[in-house]
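Subject: A structure for you to look at

Hello,

Here is the structure I promised to hand over. Please open it next to this email and follow along.

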Amino acid sequence: MRPLFVGGAGLAVVALLALAAFLLAPDGDDASAQSPALVGTVASSTTLPSVSSTTLALSQPQNPPDEQYADVPVVEVGAIDIPRIGLSTPVYEGIWLTVLDVGPGHWPGTAAPGGYGNVVVAGHRSTHSQPFRHIDALVPGDTIVLTDPTGSYTYSVTGSKVVTPDDVDIVTQRPGHTVTLFACHPPGSAAYRYVVSGTLVSPPRPGT
């Protein structure tokens, strides 16, 4: 399936519809109750995408393909640490359930840790290792640390919200250095998405 991209004035209607149908049923037990959910993609490289150090161009989120449990490699690309909820776990590239069942997944095409734009990470809340089980406990000022081979990047939580599954805005790339974490809400249900936002407070990724 040819990747489609989200964002900008030329946003494709088909991409919106696909993302609206998808966003995201990361809890595998819940996904079976959904209409055919689309669950992510994996980058061809083991390195998270970077942005231009000259133009600071924003990346564009990739549109998920059609398979929930595709036969894809599960590639560890970094780690996430959230002291408030005692979370310290690897992060993998992609948002197929094949990947999310192992651990949190970086949405391909969104910013890399510490990079220019919005880093988007999805995770399970009530199945498998439940890494995002307690993200609803995060409050403004709490710390989220993302690490990859280029370094560690600290974000400060700025807020949280509950959205419907068709809210595609949570993966939008905008100027700045931000992070978005999301998972199904309430735990055990895919009716809504719980979203946590944060802003980079440490030096950014080199070149961004």
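Two strands pair if DSSP finds at least two bridges between them, and strands (E, at least two residues) are DSSP runs numbered from the N terminus. The model is predicted, so local features need pLDDT of at least 70 and side-chain atom pairs pLDDT 80 or more, while totals for chains, interfaces and linings use all residues. Residues are numbered from 1 along each chain as its sequence is written, and side-chain values use heavy atoms, without hydrogens and water.

Let's start with the strands. β2 (residues 87-93) and β3 (residues 105-106) run parallel, joined by 2 bridges; Tyr-92 has Gly-105 as its partner in β3. Tyr-92 is also the β2 partner of Glu-76. β1 (residues 76-82) runs antiparallel to β2, with 6 bridges, and the two form a hairpin with 4 residues between them. In that turn, Gly-86 has a positive phi of about 65°. β1 also has 3 bridges to β5 (residues 143-148), again antiparallel, with Ala-79 opposite Thr-147. Together, 8 strands make a closed barrel in the order β1-β2-β3-β4-β7-β8-β6-β5, with mixed pairing.

A pocket is an open set of points on a 1 Å grid over the protein atoms alone, where a 1.4 Å probe fits, with protein on both sides within 12 Å along at least five of seven lines; lining residues have an atom within 4 Å of a point. Of its 14 lining residues, Asn-118, Arg-174, Thr-178, Thr-180 and Ser-197 are the closest to its centre.

Enjoy exploring!
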